[in-house]
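Have the viewer open as you read.

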Amino acid sequence: MPQFPTDILIAGQWRRGAGEPVDTVDPATGRIIATVHSASAEEVAEAAEAAAKAVADPAWRDLLPHERARLLHRIAELTEEAAGELSALQTADTGKTLAETRALALSAAGTFRYIAAALETAEDSLTPPRGAYLTMSVHEPIGVVGAINPWNSPIASDAQKIAPALAAGNAVLLKPAVWTPLVSLALGRLITRALDEFGLPSALLSVLPGSGRVVGDALVRHPLVARIGFTGGTSTGRSIAAIAAQKLIPASLELGGKSPTIVRADADVEQALAGVLFGIFSSSGQSCIAGSRLFVAREIYDSFVGELVERVRKLRVGPGTDPATQVGPLVHHLHRDAVAAYVDLARSEGARVLCGGSEPEGERHRDGAYYLPTVLDGLPNSTRTCQEEIFGPVLVALPFDDEDDLVRQANDSVYGLACGIWTRDARAAWRLARRIEAGTVWINTYKQFSAATPFSGWKESGLGTEKGRDAIRAYQRQKSLYWGTSDAPLPWAN
């Protein structure tokens, strides 16, 4: 059993927060596993002021890029070494399977390692002069960065913001989700250990659990916070964007999704069945890029959906600690109830529940936040069930007649985060991939990620980009330098 951290990291110090206590619940059992005292608004301010001093400290301010890269490599090493403990913590906190949480911990290590390599090879540039001067474009830190992350994949989301922010020379105030602070606190321990080893200010990172209403609002509004990185719901993202606009600071927003996954008549059926199952039911559907709208060519619709339903019924639902589990509990009983309410809504809209649609029965599942993998059909794409993000193990299936009909339905959404295409026809895949309004399109695969590949959302799925080489630049400000090269006097010299 892992050790559950309860102290929080404020301005370089580990201590009990002055805010309200929040119980962390194991969603597989309903038992309280830890009580973490939130940060207060005053402690957010304390952390921001200490972070601003840390950014200005010569030990950090003058650290050369390749030396910052060494720090990131060390964080990657420590994260990889602690992958087992981090995995157990995240499974206890979120209910995810150990296989998935281990992959997420290793993904976080890989993100720090990739960003370190990108930092080693990042270059400023000489720009073509248009007079008697030399022109340079350089990049400098923004200062204090606020990072606000959701509960579904905390450690991977943390790394995607902390790594480029530190690489760029900033300090970070991290607010983990109120339901799942434990693995973020554990990662904070590893990062402060690396900072201490390098003799760097520990206030470069604060980990400030608590509600969005108190901690999130104080973080976003603080005058020293000069950039926001947010992953979460679209409505919260809008509020953050409004505050960022008032402050005239940059913000990146990775928001919701209702991603289409498309099965053409010429698809490899076995490959498509496995991909559709994984795309929606892995992580218990609690993923912004979940393939939650299934579009199947009408000529194979009945046979494909029929076989899919048979396989969904066989998915193994259980605690994340059981190696046989494929679908774990939802993150919290309140969220389970919200998912169940959406299925009730689907019924009222006229949906057929082909499988699932309820909590599993039996002693094993009695106290956990479980919900059966669910497949719905019989609804038009215009219904709320097909348009709103459910964020759970609920798939709605719809037929399509031709490519234009498919594209019209797939793009008929306020979201534009991801899409999956299953086909043997490379030309059709290319056409669809270019016509679908989404930031990421997978072809004959799903939910594959690379730290080297940019990730962004279109429409109400987000603003800005994470990952890739340019992730570091997103946490910097650009400055132009002009060096005069002429001995001739300036026009007003005399």
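What follows covers ring pairs, charges over rings, and then the pocket.

A quick word on ground rules: this is a predicted model, where local features need pLDDT of at least 70, side-chain atom pairs count only at pLDDT 80 or more, and totals for chains, interfaces and linings use all residues. Residues are numbered from 1 along each chain as its sequence is written, and side-chain values use heavy atoms, with hydrogens and water left out.

**Aromatic pairs**

Searching the whole structure turns up 6 aromatic pairs. To pair, rings of Phe, Tyr and Trp (its six-membered ring) need centres within 6.5 Å; planes under 30 degrees apart are stacked, over 60 edge-to-face, and the rest tilted. Here are two of the pairs.

| Pair | Geometry | Centre to centre | Angle between planes |
|---|---|---|---|
| Trp151 and Phe391 | edge-to-face | 5.3 Å | 85 degrees |
| Trp442 and Tyr446 | tilted | 4.6 Å | 50 degrees |

What does the pair of Trp151 and Phe391 tie together? Trp151 sits in the loop between β7 (144-148) and α6 (154-167), and Phe391 in the loop between α13 (384-387) and β16 (394-400), so the contact links parts 240 residues apart in sequence. (Helices, H or I with at least four residues, and strands, E with at least two, are DSSP runs numbered from the N terminus.)

**Charges over rings**

A charge counts as over a ring when NZ of Lys or CZ of Arg is within 6 Å of the ring centre and within 35 degrees of the ring normal. Lys467 lies over the face of Phe455, 5.8 Å from the ring centre. Elsewhere, Arg227 does likewise with Tyr475, at 3.9 Å.

**The second largest pocket**

On a 1 Å grid over the protein atoms alone, a pocket is an open set of points with protein on both sides within 12 Å along at least five of seven lines, and lining residues have an atom within 4 Å of a point. The second largest pocket is lined by 24 residues, with Pro65, Arg68, His139, Pro141 and Gln476 nearest its centre. Elements giving two or more residues to this lining are α2 (58-61), α3 (65-81), β6 (133-141) and β24 (476-484). The largest share, 4 residues, comes from β6.

Note on methods. On a 1 Å grid over the protein atoms alone, a cavity is a set of points where a 1.4 Å probe fits but cannot get out, and a pocket is an open set with protein on both sides within 12 Å along at least five of seven lines; lining residues have an atom within 4 Å of a point.
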